[in-house]
Amino acid sequence: MTFFTVVLRGLLRRPLRTGLTLVGISIGIAAVVALVGIASGYEKSINKQLDAIGVDIVVSNVSGGFMPKVFDESLEARIAKLPGVAKTTSVLMEMQSIEDAPMMMVSGREWGGFAWEKLSLMEGRMPGDGAERAVVLGRMAAEVLKKKVGDKVQIEADELPVVGIVDGRSVVENGAIMLSLKVLQDVTDNQGKANFVDVRVPPNSTKEDVSRLCQRIKEIFPEGRALVAGEVVSNSQGFRIARAMSWSTSLLAIIVGVLGVMNTMLMTVFERTHEIGILLAVGWTRRRIIYMILCESALLGLLGGLVGISLGALGVQILEHTTGIRGLLEPSLSPKLLLTAVAIAVVVGVVSGLYPAWRGSRLTPSLALQAG
Amino acid sequence: MNPSAASAIPLLQAKELSREFDDGHVRALRGVNFSIQEGEFVAITGPSGCGKSTLLQLLGALDRPTAGDLLYRGESIPNMPHPSRYRAAEIGFIFQAFQLLPTFTALENVQIPMFESARSRAERREQALALLKLVGLENRLDHFPSKLSGGERQRVAIARSLANEPSLLLADEPTGNLDSENAHAILNLIIRLQQEQGRTMVLVTHDPSIAERAGRILRMKDGQIVSDQTAASKEAHRS
C-alpha cells in the first residue's frame, strides 16, 4: 500500500459524489476548451485566409463593430502610390444573416484585383465582368445554403444568381459569398465605399520595409490603421470581445467547479472527522492530513481536467458538424490550450482543497475520535 | 530499593495533573501524581466517570491538561513541539471500539501508522504481515473490518498498535466490546505481547478481575488516585 492508495481510497468511498463533482469540474474545463478553442480557431482561420489570398498588410478603419466602418474607396489609389507597394485591392466585407444561415461573410472584391486570383473554380464560371450582378460561393457556403449553380441567393433586397462554386483554400474563404465590389456597393447602398484595402508588398521586402510602409499608410489615413497580416485578428475589436467573453464565460464555469470541489472536500472532512481522529491517534502529523486532503482534491481536479478536455473536444466536434454553423468554425485545440486547461483543473482542485484541508488538520484528536 | 533505579528518570510522571471541561464545571482530573517505570504493566481502574480515560488520552497526547504537567522520560508531553511524532514513535493505542478505518483491509490498517516511519513500501507490508501473524490473523489479511468479528477487529487493532514498535501501549477498555470468551483471549494476547516484548503498558478498565492481572493497580475516584497497589504490596496484603 502506498500513500496514493490512501488518497484514492478516500475518493472512492463515495463514488457517486466523486463522480458528480468530477462532472462539475469537467463542464467548466470543457467550456474553457470549447470557447477558447473556437475563439483561437477563428483567429487562425482569418490568418489562413489572408495568407491564402496573399495579403501582407490590411488597411481599415479603427472604429466599427464586428466589421470596421466604411471609407471612400479612393484611399486605395493613394496607398498604391506609396513606395514599397506591389499591389492593392479594395474589399467591402459584411457579416450578414443569409437566408437560413445565421452569420455569413459577404465579400465584395474589386473586379480584377488580386483577391480573385487564388480562387479555383469547382463548378460553373466566374462573373463575366465587374458589373454582372452575380455571386460565386465558397464550397462550404454552398453546402450550408444548399445552393447549386443556377440557384439564387438573397442579399439585402436583391436576389443574385449563383454562377460558380469555388475552393478558396481556407475556411473563411470557403464559407464566404463573393461578388464584385461594385455590385455589393449597389446592393448595400455603399456606393464608392469599401472597408478594407488589402496590400501586397514585393516578395523581397523585409520586415522593416513592411512596418515602414504601415507607418506611411497611417500618415495618409490617420483615422485608420494598417496592420501586418498576422496581427489583424488580435487587433480586431470584435475578436477581442469574443476572446474576453470566452474566457469570462469559462471563468464562471470554473468558479462553479471550485465551489463544487470545495463542497465535496468539506463534506469529506466532516464525514471523516472520526477517521481523521484515528489517523491523528496513530501518529499521523497534521501536515500529512493536509497533504492527504490536498492530494485528493488535486486528483479530483486532474481527473476532471482530463474528462473536461475530452468533453470539450467532443463538443467542438459536434458543433463543427452542426448544420448552420458548419464551415464557419475551425476550432483550434492546440496542445498548449489542452495542457493549460488541465493545469487550471489541477489548480482548481488544490485551491478548493485548501480550506477543507486546514479544517481537517485543526481537529483535536480526542474530540475527533468521539465523533460519529 | 536499587539506588540506580531510584535515580533513573521514570518513563512517565504526572505532576498535579488536572483536566477540566466546560470552563471548569466538569473536573475530570484533580491534581493527579504518579510515576511509571519502563516495563511496568499498570491498570487504572475505577467507576465510570472517574477520569481514567481522560488520563489515558493525556498520556497519549490526544488531549492537553488544564494544569500540572505530564512527563515522558523527563520531557513535558503537553509542551512537545510535535505531539504527533511522539504518538507515532512511542505510543500504541488500543481502543474499546477498535477504531479501524473501514475502507482499508486488515493488512492496510496495520500499515497506516507506518507512513510516519522511514520504512519502504515492502518493509511496511512485511512488518504488517508479521504483526498480523503474531496476533493470529494471517488468514484474514485482505478482509475489511466489516467482514471481521469483534475479536478479530481487536486483534487487527493490537497489531496496528505495535506497528511502529512503541515503548508505551495505552489500552482503553480493550475487551469492553467483546463477549467473555473473546475478552479472555484478547486480554491474554495483550498481556503475552506486553511481557514478551517488555513494553510498558497502561490499561484502563472498570473490571477488577482484569485489573488484577496487572503488576500495579491505580484506583481512581472523582478525578483523583485513591490507591496505588503494586505486586509487592498485593502480595503483602494477601499474606
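**Figure 1. The second largest pocket in the predicted model, with H13(A) giving the largest share of its lining, four residues.** This is a predicted model: local features need pLDDT of at least 70, side-chain atom pairs count only at pLDDT 80 or more, and totals for chains, interfaces and linings use all residues. Residues are numbered from 1 along each chain as its sequence is written, chains are lettered from A and ligands numbered from 1 in the order in which they are written, and side-chain values use heavy atoms, with hydrogens and water left out. The pocket has a volume of about 420 Å³. A pocket is an open set of points on a 1 Å grid over the protein atoms alone, with protein on both sides within 12 Å along at least five of seven lines; lining residues have an atom within 4 Å of a point. Volume is the space filled by probe spheres set on the points, which are joined across faces, edges and corners. Of its 20 lining residues, Thr364(A), Ser366(A), Leu62(B), Asp63(B) and Arg64(B) lie nearest the centre. At least two residues each come from helix H13 (365-370) of chain A and from strand S1 (12-21), H2 and helix H3 (83-90) of chain B. Helices (H or I, at least four residues) and strands (E, at least two) are DSSP runs, numbered from the N terminus. The lining has nine nonpolar, six polar and five charged residues. Nonpolar covers Ala, Val, Leu, Ile, Met, Phe, Trp, Tyr, Cys and Pro; charged covers Asp, Glu, Lys and Arg; the others, Gly among them, are polar.

**Figure 2. Ala61(B) in the loop between helix H2 (52-59) and strand S4 (67-72) of chain B.** Ala61(B) is buried, at 12% relative accessible area. Buried means under 20%, exposed over 50%, partly exposed in between (1.4 Å probe, protein chains only). Beyond four places in sequence, Ala61(B) contacts Ile77(B), Pro83(B), Tyr86(B) and Arg87(B). Contact means heavy atoms within 4.5 Å.

**Figure 3. The largest cavity, with a volume of about 440 Å³.** Met67(A), Pro68(A), Met93(A), Phe196(A) and Val232(A) are the closest to its centre, out of 31 lining residues. A cavity is a set of grid points where a 1.4 Å probe fits but cannot get out. The whole structure holds four cavities of 30 Å³ or more. H2(A) gives the most to the lining of the largest cavity, five residues. This lining divides into 18 nonpolar, 10 polar and three charged residues.

**Figure 4. Thr21(A) in helix H2 of chain A.** Thr21(A) counts as buried, at 7% relative accessibility. Its contacts beyond four places in sequence are Gly260(A), Val261(A), Thr264(A) and Leu300(A).

**Figure 5. Helix H7 (residues 180-197) of chain B, 18 residues.** H7(B) reaches 26 Å from its first C-alpha to its last, close to the 26 Å expected at 1.5 Å a residue. The expected span is 1.5 Å times one less than the number of residues. Asp179(B) caps the N-terminal end: a side-chain oxygen lies 3.1 Å from the backbone nitrogen of Glu181(B). Gly198(B) follows H7(B), with a positive phi near 65 degrees. Buried residues of H7(B) include Ala183(B), Ile186(B) and Leu193(B).

**Figure 6. Phe98(B), a residue other than glycine with a positive phi, near 65 degrees.** Most residues other than glycine have a negative phi. Phe98(B) lies in the loop between S6 and helix H4 (106-111) of chain B. Phe98(B) counts as buried, at 8% relative accessibility.

Technical notes. Polar contact = N/O pair within 3.5 Å; in protein donor to acceptor, adjacent residues only side chain to side chain.
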